[in-house]
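Here is my note on the model you sent. The points cover strands, the surface and charged pairs.

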Amino acid sequence: MKKISTPVLVSGLALLPSFAHADFIADSKASIETRNFYFNRDYRQDEASQSYSEEWAQSFLLRYESGYTDGTVGVGVDALGLLGLKLDSSPDRTGSGMLPNNGSGRAEDDYSSLGLTAKVRVSNSTLKVGTLLPKLPVVQYNDSRILPQTFEGALVESKEISNLTLQAGQLQQVKMRNSSNAEDIAMTRGNKRNIQVGSHLASDRFNLAGASYAWNNQLTTNYHYANLENLYHQHYLSAVHLLPIADGHSLKSDIRWARSLNDGDSNVDNSAFNAMFTYKLDAHSFGLGFQRMYGETGFAYINGTDPYLVNYVQIGDFANKDEQSWQLRYDYNFASFGLPGLSLMTRYLRGDNIDLLTQQGEGEEWERDTDITYVVQSGLLKNVGFKVRNSTFRSNFGNDIDETRVIVSYTLSLW
């Protein structure tokens, strides 16, 4: 796939005011989101190079989405302004993933970026070129800190056929969640994945295509393909089925399978099967997940993104070579208890059968997570969100971690 010249297309947006129809303005929307984020991660080994990470930061996210000009071909523009501010940090407590490092061991006081996206709509198909926030099985941007990870590239989505959604595109560069700098796209390695690369550490071409078909209100199936040039290519199949059982009772089945292979300059060879079954009983949800890695390596995905795996959670992804893992999850919505806006999530995961590569024995790891979320329903603080996330992670081959995150967020619609 030929590389796309993003700056040329984006610069064409300067012509928009000369022919923009009222829908371009009338259908536009803008909002500003604030996030106040405290992060504490305690490394529980005496020999750890850093005993803990602790930082506090504030962010502002300005989002603008225009409507489209009138006519057979509609044109529009989106903008994403990002600003992150350091509130508290020190050289011995960095590494939270929230703030960039200035090279001397200290976190930067602030960082910012502006992303522009040109968009064109014809019938029920839309082309976007510029800054993208992809959320597909083969690439899901990370938004777990104060600012989201963003990509530069082009993505087309078509809904010309009823119940069928088609996607195709190319991503060229990425800005990490704690950086203002665009860089080529790399692949996640590390842990016990056994993934090795040659001279190509990153690529400026990540090509993707996919299809999603809704057979009815209960069943949707998906197929997606991706290729990080010179590093790996991947096929991803998934199906989601919702079975209504009775009033307030349902069973959701989410089944996924991926096949990843090298693309000339890596040793990627992985098949990943994972599934999550969730039984909803009024305000209660009970989940059971299973994930299994096969092949010569662990699961391959773009560095910094959220892999589309049911056992990818707060700290671990449970995607090492030969690993098999289970998850038990429970959710409760306190609205039925007279406390709307309050919810609880807790889960426990255990993985084993991990190939330790150069070490003797079998690798094992487990993680326990608890989230408590409250969104104010009325009054002066209406729609302010509070979230506390606590996690404990243990393994016999890596860092033991205790982690707490406290997040206060608010989104204000400007128009």
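1. A term to settle before the strands are named: a strand is a DSSP run of E with at least two residues, numbered from the N terminus. Y223 is found in one of these, strand β13, residues 219-228. Keep in mind that the model is predicted.

2. Y223, L237, I255, W257, F273, F277 and Y294 make a nonpolar patch of about 610 Å². Two strands, β15 (249-262) and β16 (269-281), each supply at least two of the patch residues.

3. Now the charges. The structure holds 19 salt bridges. One of them pairs D317 with R193, with the closest N and O atoms 2.0 Å apart. This pair links distant parts of the chain, 124 residues apart. D317 lies in the loop between β17 (284-295) and β18 (324-333), and R193 in the loop between β10 (185-186) and β11 (202-203). Both D317 and R193 are buried.

4. R259 and D269 form another salt bridge, at 2.8 Å between the closest N and O atoms. R259 sits in strand β15 and D269 in strand β16, ten residues apart. R259 has 25% relative accessibility, so R259 counts as partly exposed.

5. D369 and R347 also meet through their side chains, 2.9 Å from N to O. D369 is in strand β20 (residues 362-375) and R347 in strand β19 (residues 342-355), 22 residues apart. D369 and R347 are both buried.

6. Finally, a network. E33, R35, R63 and D143 are joined by salt bridges that share partners.

Technical notes. Residues numbered from 1 in each chain as written. Predicted model: local features only at pLDDT ≥ 70, side-chain atom pairs only at ≥ 80, totals over all residues. Heavy atoms only, no water. Patch = residues over 30% accessible without salt bridge, like charges linked within 9 Å, V, L, I, M, F, W, Y side chains within 5 Å. Areas by Shrake-Rupley, 256 points an atom, 1.4 Å probe, with all protein chains shown as cover. Salt bridge = Lys/Arg side-chain N within 4 Å of Asp/Glu carboxyl O. Helix = DSSP H or I, 4+ residues; strand = E, 2+ residues; numbered from the N terminus. Buried < 20%, exposed > 50% of the residue type's maximum accessible area, 1.4 Å probe, protein only.
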